[in-house]
Amino acid sequence: VFRAYLKIVYKRYASLYFCCAIEDQDNELITLEIIQRYVELLDKYFGSVCELDIIFNFEKAYFILDEFLLGGEVQETSKKNVLKKLKSLEET
C-alpha cells in the first residue's frame, strides 16, 4: 500500500502567511524559494503587497501564480517576463 504524506511549508511576510503542501520527498528549501519569488512578484506588481491587495485582486494574484508555476513546477523564473505578460493581458 502506497501512502503519500504531505508536509506543510510556510513563510510569513509582514502580516501574510504563504503556505504550500508538498509531498514528503520534496525539498522544503526549494519550496521556500518558490514562496519568496511569488512574494517578490506580488510586491513588484502591487507595490508592497498586503492582504487587501490579494483579497480584492484575487484573479490577478492567481494569474501571477499561474504564470510562475504550472503543475507545481516553476515555468518562468524571470519576474520581468511574468509581469510583462500580466500587463499585456490587462491592455487587451
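These legends accompany several close-up views of one predicted model. Residues are numbered from 1 along each chain as its sequence is written, and side-chain values use heavy atoms, with hydrogens and water left out. Because the model is predicted, local features need pLDDT of at least 70 and side-chain atom pairs count only at pLDDT 80 or more, while totals for chains, interfaces and linings use all residues.

**View 1. The annotated span, residues 6-91.**
Let's start with the record: an unreviewed UniProt entry carries the annotation "domain: AP complex mu/sigma subunit" for residues 6-91. UniProt positions are given here in the numbering of this model, feature names are shortened, and annotations may be inferred rather than shown by experiment. In the model, this span is 57% helix and 23% strand, and its end C-alpha atoms lie 40 Å apart. Helices (H or I, at least four residues) and strands (E, at least two) are DSSP runs, numbered from the N terminus.

Helix α4 runs over residues 79-91, 13 residues in total. From first C-alpha to last it reaches 19 Å, close to the 18 Å expected at 1.5 Å a residue; the expected span is 1.5 Å times one less than the number of residues. Which residues of α4 are buried? They are Val82, Leu83 and Leu86, where buried means under 20% relative accessible area, exposed over 50%, and partly exposed in between (1.4 Å probe, protein chains only). These three cover an arc of only 90° around the axis, which puts them on the same side of α4; the arc is that of the directions from the helix axis to the C-beta atoms. On the other side of α4, you will find Lys80, Lys84 and Glu91 exposed.

**View 2. The neighbours of α4.**
Here the buried residues of α4 pack against α1 (28-46) and α3 (58-68). Contact means heavy atoms within 4.5 Å.

Three salt bridges turn up in a search of the whole structure, each being a side-chain nitrogen of Lys or Arg within 4 Å of a carboxyl oxygen of Asp or Glu. One of them joins Lys7 to Glu28, with the closest N and O atoms 2.4 Å apart. Lys7 lies in strand β1 (residues 6-13) and Glu28 in helix α1, so the pair ties together parts that are 21 residues apart in sequence. Lys7 is partly exposed at 23% relative accessible area, and Glu28 is partly exposed at 35%.

**View 3. A network around Glu40.**
Arg37, Glu40 and Lys79 are linked in a network of salt bridges. Arg37 meets Glu40 at 3.4 Å, N to O; these two are three residues apart in helix α1, about one helical turn. Lys79 meets Glu40 at 3.3 Å, N to O. That pair links distant parts of the chain, with Lys79 in helix α4 and Glu40 in helix α1, 39 residues apart.

**View 4. Aromatic rings.**
The structure holds five aromatic pairs. Rings of Phe, Tyr and Trp (its six-membered ring) pair if their centres lie within 6.5 Å; planes under 30 degrees apart count as stacked, over 60 as edge-to-face and the rest as tilted. The ring centres of Tyr10 and Tyr17 are 6.3 Å apart and their planes meet at 45°, so this pair is tilted. Tyr10 and Tyr17 are both exposed. Look also for Tyr13, Phe18 and Tyr38, which form one aromatic cluster.
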